[in-house]
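Q: Hi! I've just opened this one and would like to talk it through. Could you walk me around it?

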Amino acid sequence: MIKDLVCALDYSACAEWALALFVVAFATITYGTLKLSQNASDRFASIPLTDHVEDPR
Amino acid sequence: MATVTSTDAPQGGVVEGHGATNAGRMEEFSYDDSIVRMFATATIVWAIVATLAGLLVAVLLILPGLAGGSQYFSFARLRPLHTNAAIFAFAGNAIFAAVYYSTQRLCKARMWSDALSRMHFWGWQLIIVLAAITLPLGITQSKEYAELQWPIDILIAVVWLFIFGGNFLMTLIHRRERHMYVALWFYIATIVTVALLHVFNNLVVPIGWFASIPVYAGVQDAFMQWWYGHNAVAFFLTTPFLGLMYYFLPKAAERPVFSYRLSIIHFWSLVFIYIWAGPHHLHYTSLPEWASTLGMLFSLMLWMPSWGGMINGLLTLRGAWHKVAADPVLKFFVVGVTFYGMSTFEGPMLSVKAINAFTHYTDWTIAHVHSGALGWNGFMAFGMLYWMLPRIFQTKIWSDKLVSLHFWIGTLGILLYIIPIYAAGLMQGWMWRAMDDTGHLMYPDFVETTQSIVPLWWLRVVGGLLYVSGTLMLGVNALMTWMNRPSEYEVPVISAPRLSKEYNVTEPKAKSHLEGAPVLDLSKKLDIFGRMGWHRSWERLPVKFTVLTTLAVIVATLFEAIPTFLIRTNVPTIATVKPYTPLELAGRHIFVSEGCYNCHSQMIRPMVSETKRYGEYSKPGESIYDRPFQWGSRRIGPDLAREGGKQSSFWHWTHFENPENVSPGSVMPSYEHLLTEDLKYDAIAPHVQAAAYLGAEYSEADLNDTANVAMAQAERIAAEIVEQGGPAKTYEKQAVALIAYLQRIGIDLFAEETPAEAVPAETAPEGEAAPTDEPAEVAMNHANGSQID
């Protein structure tokens, strides 16, 4: 069935599909990243600086 | 924090119970630095071996006679040994040292299983040793960076995915730090993607323990190989080293990464984009145009996130540049990250079709690869080791001056390596395509180009020698540091409770800002969704995060792979292209075993300069029986796609005996052993059966009386050799099988037309005319676009 489905598709559109997929994914990630608070960002970035467990985690 | 002492024995029982989940109960644990010491030592040993092997093959390229005619030390057999040693032994062990050191500290937990850690170490070293034995013996799949045969491939899959991956994932699950730091994301992407790439590129039909043929053929095999090949660079030599950068650079600089937000964007961009880029290795080949364009497009997109990562790394040193002047560890990191930026600019640039048309098959690619491998991977690994050695051996580094000397001599070595090889690539590109006023090639003799770049190859040897001497300095420094270690290592013991199952400390259950406002429920839900709390929760859930990363990679792969495999017009059939005869299959196996693809391509691109030099450009339908494909990736020697019938059989015999006899100035070594060693006719049948199993059409005689069918063809070629003035009784020798193969390459396209064969109905999409109903020339027109240049 998948073979029939793929054969019926216009594969020349793959590049455009891929680009659209990428743009949506990239925009979502960028948006989500910008929503990260400065406090959380600073806390996450400092994780490697100590080998010991520091609260709050 | 308490401290206990230890020898280098595993500390399997260190006061930690994995079963407990009671968040309030204090637990004591320690980090397993013993496994880090093991991988760090292996990294140094294999760095020396890999760079020495590189130096050896660089010399053998110029002085092929240095091998003394031994087939085990020819350039073509040792080059894969060098690349495998550099990638999987040196870089691989560096990755593992980094992962084992940083993961434990980022998770605030010991590795889940000491036993699995050690099985991983010894399993990986066994794989490397098996590679070192099998590759010089000519046991190879001939796929670049995936040369190892199927039994070793199975071992790799088990060690990588189940032992290493399993131990890593379980450590994440049992961690004590709520947030998974971004370095861990890069490690997760590495583990799942490399496993996928490895398994799907190595699907083969075994022919005994030491040979196999891939389930893919021709165009599809090439597509899979470079999907693997490019992403081996992406997910073995890039993402784990970025994880390393995001952990060790802040540690060495003693300041957090410049922008954590940028590191998140960097990660997801690479995961989404990298997997598409493989087809840029196949521009202007028989790969469908759309796939090639897609590869180029995504390669160009890679530039921005890569440079985002580079900038993030360099700006981590903001306010600490004074430390760089004094600290050689930071110097290694700065140069390493700079080479990352350079390589990730050059890579997208080389993927642009117009530029790739010039650089492909030339030494430019070799220079590009080495600026990444020596500069980025090498220097990041060295920086990590010099930072780590005093900590894991618990003493100060033996000689700071030697570290500095290593840095400067290594940097000089890289420059002295890549600059001449860039120049060699430019010279090859220009000389191969240079035309005179009458429209003829200015340098029709291939050897002329080779000879003109030999001085540049010598400069590369000098650069390589400097780089090798740097790795030897690292070895001496590490050995002396280890000798000054304390009699017993201190093992700090840390007390901390487990993580609670519920996470509601800083981010209580999401409530919409629109609560109470006169809006639809949908708006409230969208408001909560838009706050991206779901992404924050993914970042805390290792299994879900791993599944999502895997999905991102698989979806992108399927976008390219499904059309390539299932749409029939991608590989139009050519009526006159037939399967190889049994003797030709045996010869092809010798071609593969000797690693001829390391120097000779079999892919003529549709460019005037190529068609004038080599003949009609290659069509997709010509390689449908090529398992594995042999398109190659560089031209140290000329392309062989139309070699059939170009030279006499005796010419080939003489060429194998000593290439300089018929091609003065050639850098090809002697293959005299093919003239003296007997061909094992009884061993041909399994090759024919495997090809038939995968769809090649063979007669009853080919399948059941293989040895006699092959012998009959060998006798005909032996008779030709005698007629052309050569020796008698050559039909017993391996060279005759190889000659049979070489005389067959590329001639089917011009073969006399035979009555058209019906295309199996189940493979032809409805409404599409079967190309086999057309004359060969007409069918060919479907195969590719028009000639360029």
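Q: How much of chain A counts as buried?
A: Of its 57 residues, 16% count as buried. Buried here is a matter of neighbours: 20 or more other C-beta atoms within 10 Å of the residue's own make it buried, 12 or fewer make it exposed, and anything in between is partly exposed, with C-beta atoms placed from the backbone. Bear in mind that this is a predicted model, where local features need pLDDT of at least 70 and side-chain atom pairs count only at pLDDT 80 or more, while totals for chains, interfaces and linings use all residues. Residues are numbered from 1 along each chain as its sequence is written, and chains are lettered from A and ligands numbered from 1 in the order in which they are written.

Q: What pattern does chain A follow along the sequence?
A: The pattern is α-α-α, with 3 helices and 0 strands. Helices (H or I, at least four residues) and strands (E, at least two) are DSSP runs, numbered from the N terminus.

Q: OK, over to chain B. How many helices and strands are there?
A: Chain B has 28 helices and 5 strands. Of its 789 residues, 52% count as buried.

Q: And how is chain B divided into domains?
A: There are domain 1 (2–489), domain 2 (511–540) and domain 3 (582–783); such bounds come from an automatic or database domain assignment. Taken over C-alpha atoms, the centres of domain 1 and domain 3 of chain B are separated by 35 Å.

Q: How many residues does the contact take from domain 1 and domain 3 of chain B?
A: Domain 1 of chain B gives 47 residues and domain 3 of chain B gives 48. Two residues are in contact if their C-beta atoms, placed from the backbone, lie within 7 Å.

Q: Which element has the largest share of the domain 1 side?
A: That's H2(B), with 5 residues on the side of domain 1 of chain B that touches domain 3 of chain B. By class, this side has 26 nonpolar, 15 polar and 6 charged residues. Ala, Val, Leu, Ile, Met, Phe, Trp, Tyr, Cys and Pro count as nonpolar, Asp, Glu, Lys and Arg as charged, and the others, Gly among them, as polar.

Q: Where else does H2(B) turn up? What about its packing with H3(B)?
A: H2(B) packs with helix H3 (residues 114–134) of chain B at an angle of about 170 degrees, their axes 10 Å apart. Axes are lines fitted to C-alpha atoms, for helices over the stretch in contact, and angles run from 0 to 180 degrees between N-to-C directions. H2(B) and H3(B) are therefore roughly antiparallel, a label for angles over 145 degrees; under 35 is roughly parallel, 65 to 115 roughly perpendicular and the rest oblique.

Q: Which residues make that contact?
A: Among them are Leu81(B), Phe88(B) and Tyr100(B) of H2(B), and Trp124(B) and Ile128(B) of H3(B). The contact has 8 nonpolar, 3 polar and no charged residues.

Q: Which residues touch the most other members in the largest nonpolar core?
A: Phe39(B), Met384(B), Leu385(B) and Val736(B) do, out of 220 residues in that core. A nonpolar core is a set of buried Ala, Val, Leu, Ile, Met, Phe, Trp, Tyr and Cys residues joined through C-beta atoms within 7 Å. H2(B) gives the most to this core, with 20 residues.

Q: What does Val736(B) touch?
A: Leaving out residues up to four places away in sequence, Val736(B) touches Leu679(B), Ala714(B), Ile717(B), Ala718(B), Thr730(B) and Tyr731(B).

Q: Why is H21(B) largely enclosed?
A: Because 7 of the 9 residues of this helix (residues 649–657) are buried. Those buried residues include Phe650(B) and Trp653(B), and they pack against helix H22 (659–662), helix H23 (673–676), H26 and helix H27 (734–744) of chain B.

Q: Is Lys108(B) buried or exposed?
A: Lys108(B) counts as buried because it has 22 C-beta neighbours inside 10 Å.
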